Amino acid sequence: MKKKPLNPDPGPAILSLQASAGSGKTYALARRYIECILAEDITAEHDPVRSALAITFTNKAALEMKERILDLLKRMALGLDVEGMPALPVDKKRAAGRASDAVDHIIRNYNFFHVQTIDSFINALLMRCALEVGLSSSFALEDRFADYIEYSLDSLLDAMAEDDGVSGVIDDFLEQYLFVENKEGWFPRRDMVSLLASLFLVNNTYGGSFIKEKKGARDIIAKKRRTLDLGRRLLGSLPEGTKQMFVTALEKFVNENEDTFDIGSLSTFFHHADFPLKKGFDLPPSTGKLWARIRANIRTVAEWEAFSRFNCYLDMYESVYRLF
């Protein structure tokens with residue numbers, strides 16, 4: 001009698017989604033995860049949660065997927081309508097019971113809720129079979145991405161001579177570095193690598209996109225020049241009774257700074273709304289208005305610097321990341 005051939009093991013069911021940001025990947029994967037763990041009842045002998053694995057790129061995405069899965073399960077357990085209800089082989093009432101059991105089970109066995117990043121999954125595999133692959137049982141992972149960031153930055157700098165776009169990105173960085181932040185030293189390559197590596201780490205930890213401030217280095221420098229011009233006008237029309245210490249500070253401010261100044265090195269006199277006038281003297285309205293404009297400009301410069309500090313770094317990061 002001829003034997004019937006055995007069906008090969010189909011292996012685990014795998015769903016892979018590749019789509020642009022905001023297109024609903026997380027929601028689709030969360031629904032598929034629920035379909036997997038609710039296909040059968042959770043019992044002492046059978047634990048589908050331990051057998052289900054969801055992998056993402058970033059910690060932020062993993063956390064978002066966990067939240068989405070638990071939210072959908074709780075809504076199903078409460079009998080609430082769920083948009084695009086996961087396809088389950090049972091009726092709504094039975095599905096609600098399974099969803100309730102799943103929520104309770106995940107909370108009690110959270111360490112078996114396998115929604116994680118590729119990095120953490122590979123690390124877990126290596127930890128469990130370190131000896132089999134020739135590693136020490138106490139091995140440590142080493143971050144080497146900074147080396148590749150540095151190499152990519154060098155490639156970008158090499159392209160400056162032939163690419164005006166790249167040259168503009170580097171020029172903007174140097175303008176920020178030298179004239180807005182008033183840094184010293186040439187060439188600031190070490191700071192570049194450090195900043196780019198920190199941005200890379202943040203981006204890969206939290207995901208998402210960086211947002212740039214509309215005001216840039218050129219806007220800040222122009223505002224600083226106008227502030228210095230106002231300071232020179234004030235120095236030429238100081239009223240009688242102005243405190244001598246402020247006169248000295250104002251002279252230093254306008255004489256030592258030609259086009260720009262360091263916001264952090266300003267005299268504390270600029271912190272106060274009241275003009276530094278001795279007691280018994282009256283402040284001319286024109287001086288009061290000029291003083292108010294100077295302080296408003298300084299406040300605006302401080303805000304623009306704070307919000308736009310990383311604009312040029314983000315432009316450079318995007319260029320380096322493409323090479324990376």
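Is F57 buried or exposed? Select F57 and show its surface: at 71% relative accessibility, this residue counts as exposed, where exposed means over 50% relative accessible area, buried means under 20%, and partly exposed lies in between (1.4 Å probe, protein chains only). F57 is found in the loop between β1 (54-56) and α3, helices (H or I, at least four residues) and strands (E, at least two) being DSSP runs numbered from the N terminus.

Before moving on, please note that this is a predicted model, in which local features need pLDDT of at least 70 and side-chain atom pairs count only at pLDDT 80 or more, while totals for chains, interfaces and linings use all residues. Residues are numbered from 1 along each chain as its sequence is written, and side-chain values use heavy atoms, with hydrogens and water left out.

**The whole chain**

Zoom out and colour by secondary structure: the protein chain has 12 helices and 2 strands, which follow one another along the sequence as α-α-β-α-α-β-α-α-α-α-α-α-α-α. Of its 324 residues, 35% count as buried. The chain exposes about 21,000 Å², of which carbon and sulfur atoms supply 52%; accessible areas come from the Shrake-Rupley method with a 1.4 Å probe, and for residues only the protein chains shown count as cover. Among contacts (heavy atoms within 4.5 Å) between residues at least 6 apart in sequence, 72% join residues at least 24 apart.

Next select residues 92-108, which make up helix α4; its 17 residues reach 24 Å from the first C-alpha to the last, close to the 24 Å expected at 1.5 Å a residue, the expected span being 1.5 Å times one less than the number of residues. Show the side chains of A95, A96, R98, A99, A102, V103, H105 and I106, the buried residues of α4. What do these buried residues pack against? They pack against α1 (25-37), α2 (48-51) and α3 (59-77).

Move to helix α1 and select Y27, which has its place there and, at 22% relative accessibility, counts as partly exposed. Draw a distance from Y27 to L72: the two are 45 residues apart in sequence and 9.5 Å apart in space, C-alpha to C-alpha.

**Salt bridges**

A salt bridge here is a side-chain nitrogen of Lys or Arg within 4 Å of a carboxyl oxygen of Asp or Glu, and by this rule the count comes to 13 salt bridges. Select R32 and E35, whose side chains meet in one of them (3.3 Å, N to O); being 3 residues apart in helix α1, the two are separated by about one helical turn. R32 is partly exposed at 30% relative accessibility, whereas E35 is buried at 15%.

Now select K212 and D315, whose side chains meet in a salt bridge (2.4 Å, N to O). K212 lies in the loop between α8 and α9 (217-235) and D315 in helix α12 (residues 311-323), so the pair ties together parts that are 103 residues apart in sequence. Both count as partly exposed, K212 with a relative accessible area of 39% and D315 with 21%.

Finally for this group, select E142, R144 and D147, which salt bridges that share partners join into one network. Between D147 and R144, the closest N and O atoms are 2.7 Å apart.

**Helix α8**

For the last stop, select residues 189-206, helix α8, whose 18 residues reach 26 Å from first C-alpha to last, close to the 26 Å expected at 1.5 Å a residue. The buried residues of α8 are M192, V193, L195, L196, A197, L199, F200 and N203. Step past the end of α8 to G208, which follows the helix and has a positive phi, near 75°.
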